[in-house]
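Work through the exercises below with the sequence and the structure at hand. Each task is followed by a solution in steps.

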Amino acid sequence: MLKTLRNAFKIKDVRNRILFTFMMLIVIRIGSELPIPGVKGSVFQSWLNSKSADGLGFVDAITGGSFSQMSVFALNITPYITSSIIMQLLTIAIPKLEEMQRDGEDGRKKIVEITRYLTIALGLLESVMMVIGFYRQNYLTEKTPLTVIMVVTSLTAGSAVLMWIGERITEKGVGNGISIVLTINIISRIPEDLSTLWSQFIASAANIPKAIVAGLIIVAIIAAMVVFVVLLQDGVRKIPVQYSKKIQGRKQVGGQSTHIPLKVNTSGVIPVIFAQSLLQTPVIIASLLGKGNGTGIGSKILKGMSQSNWCNPNEPIYNIGLVVYIILIIAFAYFYTSITFNPLEIANNMKKAGGFIPGIRPGKPTSDYLNKILNYIVFIGAVGLAFVAFIPIFFNGVFNADVSFGGTSIIIIVGVIIETLKQIESQMRVRYYKGFLND
């Protein structure tokens, strides 16, 4: 990784892209510290730290603490992520959008434009819902129309600005702009979380040997999770493909061998985000409206949907929510893979190009074979994702390790770093080729 960055800084254009990305990240962190006028920040943060707002911990983690500080970037890029997911689902359901996706660059630009408008609409909707909650719980400095409009506008504009910054990083920076914005938010919380772990398990240990053992265990668990995620992200099942030779004139051409790389974790972190969003959204809405603190069946269901109540030895009944969470991760892994990878289409394209998998007949048998292999590796990837997501929840519940970063965060950080380094290496190769052609 260091070698790649060192070589990248030797190329002026790539160096400028890295520096531009770095400057944009500084702007993001500055914006994350600017409070929204009209909100009682200290009162809101005290409420957020209470048990009644447990469901909002996930939101605060992916916004890099902007939500707890109620800064202008409090909504962050969550509206954009939600919009992108909605557009991917609608592309399958609406033929016109599917046609746009197949139209190449022009179609992609139209879908991106629709996603932008949808992001603004969702940002506005979320802002209004939040302000309604603030108004009901007296978190506004003044209950006036001007204050309400000011807070709604600030939240919506902040989300739009972050979307714009993400797109600029993709265009003028190192690429993967939205992912990099999400990653820097998560990374910004790690020092605070490590400080919490230090105070909770190391500084408070009875003696130095116990403190050393606690520190080694924490480091070992984090390192093992990172290594496991790297293996999960890079795991690939290569399906060999052979192309038949063709006769052109008196010569035989073609006949090359290649492979179809099927990633073990074909859907990335999307299933985890889907599952968390589905379970946490009702909890978040109830928290903002001051509901869910009673003893009725509805309150117990909401507690079961909140991660803060899972793996608690004193209340094992709420582990039902954890079981539902794991099932959702596996189900969404299969669902997302099914809408992004079409074995029948790949089999037909191979047949048209004269390709075949050794030992498998072209056409439907090839599609069935790919589908069988895909189901097998998707299950392995989904179980791996569920395991990575479960480990931090287990330690938070059993040992009360109060940290915001967890399996989801590590998957995002590792995945984005690996992908960004690949982007930088790709840009470096393009520059080398240009230099060769210009000589």
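**Exercise 1. State where confidence is lowest and where it is highest in the chain.**

Step 1. pLDDT is the predictor's confidence in each residue, from 0 to 100. The chain has a mean of 81, and 89% of its residues reach 70 or more.

Step 2. The lowest confidence is in strand S3 (residues 251-254), with a mean of 55, and the highest is in helix H9 (residues 145-172), at 92.

Step 3. Where pLDDT is low, the predicted coordinates should not be read in detail.

**Exercise 2. Describe helix H11 by its span, its start and its buried residues.**

Step 1. H11 (residues 208-234) has 27 residues and reaches 39 Å from its first C-alpha to its last, close to the expected 39 Å. The expected span is 1.5 Å times one less than the number of residues.

Step 2. At the start of H11, a side-chain oxygen of Asn207 comes to within 3.0 Å of the backbone nitrogen of Lys210.

Step 3. The buried residues of H11 include Ala211, Ile218, Met225 and Leu232. Buried means under 20% relative accessible area, exposed over 50%, partly exposed in between (1.4 Å probe, protein chains only).

Step 4. Gly215, also in H11, counts as buried because its relative accessible area is 15%. Its C-alpha atom is separated by 7.9 Å from that of Trp198, 17 residues apart along the chain.

**Exercise 3. Is Thr156 buried or exposed, and which residues does it touch?**

Step 1. Thr156 is placed in helix H9. With a relative accessible area of 12%, Thr156 is buried.

Step 2. Not counting residues up to four places away in sequence, Thr156 touches Ile120, Gly123, Leu124 and Ser127. Contact means heavy atoms within 4.5 Å.

**Exercise 4. Which residues touch the most other members of the largest nonpolar core?**

Step 1. A nonpolar core is a set of buried Ala, Val, Leu, Ile, Met, Phe, Trp, Tyr and Cys residues joined through side-chain atoms within 4.5 Å.

Step 2. The largest core has 61 residues, and Ile77, Tyr325 and Ile329 touch the most other members. Helix H17 (residues 407-438) gives the most to this core, with 9 residues.

Step 3. Another core, of 19 residues, lies apart from it, with Ile36, Val151, Leu155 and Ile284 among its members.

**Exercise 5. Where is Asn76 found, and what is its phi?**

Step 1. Asn76 is in the loop between helix H5 (66-69) and helix H6 (78-93).

Step 2. Its phi is near 55 degrees, a positive value in a residue other than glycine. Asn76 is buried, with a relative accessible area of 0%.

Definitions and conventions:
Residues numbered from 1 in each chain as written. Predicted model: local features only at pLDDT ≥ 70, side-chain atom pairs only at ≥ 80, totals over all residues. Heavy atoms only, no water. Helix = DSSP H or I, 4+ residues; strand = E, 2+ residues; numbered from the N terminus. Polar contact = N/O pair within 3.5 Å; in protein donor to acceptor, adjacent residues only side chain to side chain.
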